[in-house]
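Open the model in your viewer and keep the selection tool at hand. This tour goes stop by stop, telling you what to pick and what you will find there.

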Amino acid sequence: MKKFQKKEENFTCDHCGTINYGDGWTDHCHNCLYSKHVDNYPGDRRNKCHGLMEPIGIIRKKEEKIVYECIKCKTRKICRSSKSDNRQEILKLLSQPVDLSQ
Ligand SMILES: [Zn+2]
Ligand SMILES: [Zn+2]
């Protein structure tokens, strides 16, 4: 069962104030990579937490995925990074090993 939903919307980043133009899959800020805890499943916007999700690390397999931790409720989630993401921030995350055990 796929629960991914496409949403096209622009949003202003709560962390750095950058305006992000939604391409339908945007779920995090391309500048600072922060995301927001609004989904139970990607795109459903059903989570009531609305805490900022901090990028804490990168998993590198076939593609790069960003590991997030909500600063409010400590929920972790993993998101695909996109081509327009700030490379510098990605590299910074890659340089800090992260403990991914829940
Ligand atoms: Zn930002
Ligand atoms: Zn949360």
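Which residues are the protein donors of the zinc ion (ligand 1)? Select Cys 13, Cys 16, Cys 29 and Cys 32. Each gives its SG atom, and these donors lie 2.3 Å from the zinc ion (ligand 1). Keep in mind that this is a predicted model.

**Stop 1: around ligand 1**

Stay on the zinc ion (ligand 1). The angles subtended by its four donor atoms run from 106 to 115°, so the arrangement is tetrahedral. Along the chain, the donors follow the spacing C-x2-C-x12-C-x2-C. Cys 16 sits in the loop between S1 and strand S2 (19-20), and Cys 29 in the loop between S2 and S3, so the pair ties together parts 13 residues apart in sequence.

Is Cys 29 buried or exposed? Cys 29 is buried, because its relative accessible area is 0%, and buried means under 20%. Cys 32 is buried too, at 9%. Cys 16 has a relative accessible area of 33%, so it counts as partly exposed.

The structure holds zero.

**Stop 2: around ligand 2**

Move to the zinc ion (ligand 2). Which atoms coordinate the zinc ion (ligand 2)? Select His 37 (ND1), Cys 49 (SG), Cys 70 (SG) and Cys 73 (SG). They coordinate the ion at 2.0 to 2.3 Å. The angles among these four donor atoms are 102 to 118°, and the site is tetrahedral. The spacing of the donor residues in sequence is H-x11-C-x20-C-x2-C.

Pick out Cys 49 and Cys 73 next. Cys 49 is in the loop between S3 and strand S4 (52-60). Cys 73 is in the loop between strand S5 (64-70) and strand S6 (76-80). The two are 24 residues apart, and the pair links distant parts of the chain. Cys 49 is buried, with a relative accessible area of 14%. Cys 73 is partly exposed, at 37%.

**Stop 3: the whole fold**

Zoom out and switch to a cartoon view. How many helices and strands does the protein have? Count one helix and six strands. Follow the elements from the N terminus and you read β-β-β-β-β-β-α. Of the 102 residues, 36% count as buried.

**Stop 4: the loop between S3 and S4**

Go back to the loop that holds Cys 49. Tyr 41 and Lys 77 are 36 residues apart in sequence, and their C-alpha atoms are 10.0 Å apart in space.

Now check some backbone angles. Most residues other than glycine have a negative phi. Select Arg 45, placed in the loop between S3 and S4. Its phi is positive, near 55°, though the residue is not a glycine. At 28% relative accessibility, Arg 45 is partly exposed. Then select His 50, which lies in the loop between S3 and S4. What is the phi of His 50? The value is positive, about 60°, and His 50 is not a glycine either. His 50 is partly exposed, with a relative accessible area of 45%.

**Stop 5: the second largest pocket**

Which residues lie nearest the centre of the second largest pocket? Select Phe 11, Asp 27, Ser 35, Lys 36 and Val 38. The lining has 17 residues in total. By type, the lining residues divide into six nonpolar, four polar and seven charged. The volume of this pocket is about 220 Å³.

**Stop 6**

Finish at Ser 84, in the loop between S6 and helix H1 (87-94). Ser 84 is partly exposed, with a relative accessible area of 44%. Select His 30 and draw a line between the two C-alpha atoms. Ser 84 and His 30 are 54 residues apart along the chain, and the line spans 6.2 Å.

Key
Residues numbered from 1 in each chain as written. Chains lettered and ligands numbered in written order. Predicted model: local features only at pLDDT ≥ 70, side-chain atom pairs only at ≥ 80, totals over all residues. Heavy atoms only, no water. 1 Å grid on protein atoms, 1.4 Å probe; cavity = no way out; pocket = protein on both sides within 12 Å on 5 of 7 lines; lining within 4 Å. Points joined across faces, edges and corners; volume = space filled by probe spheres on them. Nonpolar A, V, L, I, M, F, W, Y, C, P; charged D, E, K, R; others polar. Donors = N, O, S within 2.8 Å, 3.2 Å for Na, K, Ca; no water. Tetrahedral: all angles 85-135°; square planar, octahedral: opposite > 155°, others 65-115°. Helix = DSSP H or I, 4+ residues; strand = E, 2+ residues; numbered from the N terminus. Buried < 20%, exposed > 50% of the residue type's maximum accessible area, 1.4 Å probe, protein only. Disulfide = S-S within 2.5 Å.
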